[in-house]
Amino acid sequence: MSQGEYPVYEVFGQKDRLAFHTHVGSIRAANPEMALQMAREAFFRRETVVDIWVVPQDAIYSAAQEPAYLPQIGEDKKYRLPSGYDNAPHWKRFKARAMSIEEVAEEMTGKRG
Amino acid sequence: MDDPIRTREFLDRLEQGDKIEATDWMPSEYRDLLIKQIHMHGISEIMGAYPEKEWVPKAPTIRRKLALNAKVQDEIGHGQMLLRLAEDLSRPYGRGREALMDDVIAGRVKFHNVFHMSAPTWADAGVIGFLVDGGAIITQAMLLDSSYAPYARMLKRIVAEESFHMQHGESVVLALAEGTDAQRNMLQEAINRWWEPMMFFFGPREMGRGSQRMMEYKIRTLTNEDLRQKFINRYVPRVRALGMSIPDPKLKQDPATGLWEYTDPDWDWFNKMVRDNSGPMSQARIALRRYAHEEQRWVREAVNHATQALAELPGA
Ligand SMILES: [Fe+2]
Ligand SMILES: [Fe+2]
């Protein structure tokens with residue numbers, strides 16, 4: 001790094017209080033405080049966010065560099081998913097209706113998921 | 001004592017529906033209630049994996065084995081995610097993962113009554129997914145609205161995975177209900193075993209002071225009795241649709257209020273079991289946890305030493 005070069009920070013924004021921080025890009029800045037200011041100016045001029053994270057790029061370890069650390073693809077994982085179970089016709093045989101977790105969440109919070 | 005002005009401001013934030021982060025100032029009572037709740041929740045996820053793990057090698061088909069194993073992995077994962085939250089909150093007390101896990105072995109943290117019980121048949125494995133996960137989902141769906149943002153956020157992820165647990169449990173139960181007389185009997189007997197523990201699961205009719213304070217702090221939004229009523233209301237018709245009966249002669253819905261009358265579980269027996277870890281499987285499962293936590297401690301320490309040694313190598 002030359003004398004005048006700033007380190008790179010990866011930038012994450014949080015849309016609302018209950019959202020996860022999401023990666024939006026990166027910026028260069030002299031220190032974390034400056035990085036937060038730069039991130040605000042670079043990425044959040046229009047969208048509002050309730051929080052911004054800046055993380056020094058060299059603190060990030062990426063699995064894409066080492067595919068052995070990535071989850072297996074192509075394997076049948078349907079047995080891990082709600083869609084892997086077709087219970088509706090079975091409930092119907094018992095004259096009952098299949099239930100989804102979304103309707104439970106809606107009943108409990110009064111909000112549509 | 002907490003600063004009364006900051007406490008006032010904090011309560012105003014809650015009143016406005018604002019969510020609290022781990023790094024925000026909070027009254028110590030709020031912090032302590034959260035630690036107690038999330039610690040117990042996380043540990044219950046982990047202890048909840050044990051009754052089902054027992055059935056992984058004995059499940060009837062490879063697909064059922066895969067699915068049950070996937071569910072056990074999810075529950076351990078839920079425990080890990082929740083313990084991280086409890087650890088962040090426990091930072092002022094200097095307590096991390098090791099300490100929170102030591103509490104299980106020393107009997108300083110409780111876990112849900114249902115995970116002290118035995119699961120003697122394959123139908124129990126199914127009914128756990130059907131009724132126990134069903135009950136847990138009702139509680140967790142309520143907590144999606146919690147005032148503590150990290151908890152609400154993590155529950156979004158957890159509830160998404162629970163959706164699979166619900167469908168998987170129902171799939172096992174439906175297969176038994178559609179099966180032979182022996183399978184249907186086995187299912188009925190499992191329902192008979194799990195119904196009373198599920199009535200206890202949501203807690204006493206009159207909530208304790210801690211639970212009441214959790215409602216005032218909007219950590220939770222419904223009472224124990226609200227949750228139990230929602231559970232009964234959803235599951236009684238489903239169990240009956242299968243041609244199964246509920247082992248409670250008092251069970252009756254008031255047509256005017258929609259509320260259910262039910263037989264109280266043996267509160268004293270279950271309370272004592274949860275407090276003293278004196279249930280049929282409590283000690284056996286805690287012994288497994290002790291083995292994983294204490295006897296494997298040297299492995300965790302060795303990995304730390306190795307990492308440190310590598311970092312200190314010349315040229316590292
Ligand atoms: Fe879970
Ligand atoms: Fe679950």
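**Close-up views of a predicted model**

Both B:Y30 and B:Y217 are buried. The model shown in these views is predicted.

**View 1. An aromatic pair between B:F10 and B:W25.** A search over all chains of the structure finds 16 aromatic pairs. In one of them, the ring centres of B:F10 and B:W25 are 6.3 Å apart and the ring planes meet at 80°, so this pair is edge-to-face. The cut-off behind that label is an angle over 60 degrees. The two residues come from distant parts of chain B: B:F10 belongs to helix α1 (residues 4-15), while B:W25 belongs to the loop between α1 and α2 (28-53), 15 residues apart. B:F10 has a relative accessibility of 2% and therefore counts as buried. B:W25 has a relative accessible area of 26%, so B:W25 is partly exposed.

**View 2. An aromatic pair between B:Y30 and B:Y217.** The rings of B:Y30 and B:Y217 also form an edge-to-face pair, with 5.3 Å from centre to centre and 70° between the planes. B:Y30 is in helix α2 of chain B and B:Y217 is in the loop between α8 (209-216) and α9 (224-241) of chain B, so the pair ties together parts that are 187 residues apart in sequence.

**View 3. An aromatic cluster and charges over rings.** One aromatic cluster is formed by A:W91, B:F130, B:W195, B:F201, B:F202, B:F231 and B:Y235. A:W91, a member of this cluster, has B:R238 over its face, at 4.3 Å from the ring centre. Elsewhere, B:K58 lies over the face of B:W55, and the distance to the ring centre is 4.2 Å.

**View 4. The site of the iron ion (ligand 2).** Which residues coordinate the iron ion (ligand 2)? The donors come from B:E75 (OE), B:D133 (OD), B:E162 (OE), B:E162 (OE) and B:H165 (ND1), at 2.0 to 2.7 Å. Along the sequence, the donor residues of this ion follow the spacing E-x57-D-x28-E-x2-H. The iron ion (ligand 1) is 3.3 Å from the iron ion (ligand 2), and B:E75 coordinates both. B:D133 counts as buried because its relative accessibility is 5%, where buried means under 20%. B:E162 is buried too, with a relative accessible area of 2%.

View 5. Helix α10 spans residues 267-276 of chain B, and its buried residues include B:W267, B:F270, B:M273 and B:V274. These residues cover an arc of only 135° around the axis, so they are on the same side of α10(B). The cover over the buried residues of α10(B) includes α7 (181-201), α9 and α11 (282-295) of chain B. On the face turned away from the buried side, α10(B) carries the exposed residues B:D268 and B:R275. After α10(B) comes B:N277, which has a positive phi, near 50°.

**View 6. The domains of chain A.** The domain assignment of chain A gives domain 1 (3-59) and domain 2 (74-109). The C-alpha centres of domain 1 and domain 2 of chain A are 40 Å apart.

Technical notes: Residues are numbered from 1 along each chain as its sequence is written. Chains are lettered from A and ligands numbered from 1 in the order in which they are written. This is a predicted model: local features need pLDDT of at least 70, side-chain atom pairs count only at pLDDT 80 or more; totals for chains, interfaces and linings use all residues. Side-chain values use heavy atoms; hydrogens and water are left out. Rings of Phe, Tyr and Trp (its six-membered ring) pair if their centres lie within 6.5 Å; planes under 30 degrees apart count as stacked, over 60 as edge-to-face and the rest as tilted. Helices (H or I, at least four residues) and strands (E, at least two) are DSSP runs, numbered from the N terminus. Buried means under 20% relative accessible area, exposed over 50%, partly exposed in between (1.4 Å probe, protein chains only). A charge sits over a ring if NZ of Lys or CZ of Arg is within 6 Å of the ring centre and within 35 degrees of the ring normal. Donors are N, O and S atoms within 2.8 Å of the metal (3.2 Å for Na, K and Ca); water is not among the atoms, so sites may look incomplete. The arc is that of the directions from the helix axis to the C-beta atoms. Contact means heavy atoms within 4.5 Å. Domain bounds come from an automatic or database domain assignment.
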